[in-house]
Amino acid sequence: MNLLNIHELNTYFPTTDGLVKAVDHVDLQIADSEKVGLIGETGCGKTVLGMSIVRLLDSSAQINGRIIYKGRDILGLAEEDMRSLRGREIAMILQNPTMSLNPVMKVGDQISEVIRLHQGLDKRAAKKRAVEILESVSIADAHRRANQYPHEFSGGMRERAMIAICLSCDPTLIIADEPTKGLDAKTKTQIIQLLKDVTKDRSMLMITHDLNVAASICDRVAVMYAGEILEMGKVWDVLKKPMHPYTRGFINSLPCRGLKPIRGSSPSLIDLPSGCRFCPRCDCATEACKIKHPEMTPADDGHSVRCFLYT
């Protein structure tokens, strides 16, 4: 049974230049205890998709479609009900903990504030619980650290603090937005292991451009480009046998594959191509690709792709 079902999700932003289609007709499912990776280059819409799920976008955002969580459409919830769900049931590890943590508030107080809001504990009990959660994410001397400010934490510790805030109310679904970005190799390995440990019995949407992170944690991956999903399947099926030309190009652009860049640049999300969105950069493109927009096509064993090569 799927914990989360996203159907035909659109998230658009009106601007003076036109409508920015950051997320466009996206379908995505996450099962109980499943870890799904959302991969793609910067600016493709990954973070906006995650923020749409928890409804943390600016009020100017135009969101429509369906986001079904445990049988309820999140987009139809009143803001008060959504605040109750956010954090308690669905929690998001925001990108860049340096910017996300309150610089003038002690780390322990930031965690206990969430606990008091959602669990109704008094100040003393919430503070004690905050220390326990810091210990659970492997922060040494947690009692002392709880009384420190974010600037007194290293980058890896700040990321652990963000994970602690996320875990404070024992959520069922975690959305992790680039949780290893900017970390050194040793710290990245530690954070990956921590995320694997804390999500054993939870579902997670892992937003990342790092394929090694996705391969280490995820069961399935979805490849996003220009606001839509181009390929989806089991993590090793997609990474070892990519079907879409963009996925192949994205993988080949990695340092371990020789840094072969994809020619051209991503299209404007205001002025998208009428046919396949990857067509202007694709070496396999045909005349049909310039005219008709491809649908997702099922392949074998749960693998699907949005490409005329497979229709």
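In the hairpin of strand 9 and strand 10, two residues lie between the strands, and A226 takes a positive phi near 50°. Strands here are DSSP E runs of at least two residues, helices are H or I runs of at least four, and both are numbered from the N terminus. This is a predicted model, in which local features need pLDDT of at least 70, side-chain atom pairs count only at pLDDT 80 or more, and totals for chains, interfaces and linings use all residues. Residues are numbered from 1 along each chain as its sequence is written, and side-chain values use heavy atoms, without hydrogens and water.

Strand 9 (residues 220-225) runs antiparallel to strand 10, joined by six bridges; two strands pair if DSSP finds at least two bridges between them. R220 has K234 in strand 10 as its bridge partner. Strand 10 also pairs with strand 12 (residues 304-305), again in the antiparallel sense, over two bridges, and there E231 stands opposite V305.

Now turn to a pair of helices. The axes of helix 4 (residues 107-119) and helix 7 (residues 155-167), lines fitted to C-alpha atoms over the stretch in contact, come within 8 Å and cross at roughly 20°. That makes the two helices roughly parallel (angles under 35 degrees). V107, Q110, I111 and V114 in helix 4 meet A161, A164 and I165 in helix 7, with contact meaning heavy atoms within 4.5 Å. By class, this contact has six nonpolar, one polar and no charged residues.

Conventions
Axes fitted to C-alpha atoms, helices over the stretch in contact; angles between N-to-C directions. Parallel < 35°, antiparallel > 145°, perpendicular 65-115°, else oblique. Nonpolar A, V, L, I, M, F, W, Y, C, P; charged D, E, K, R; others polar.
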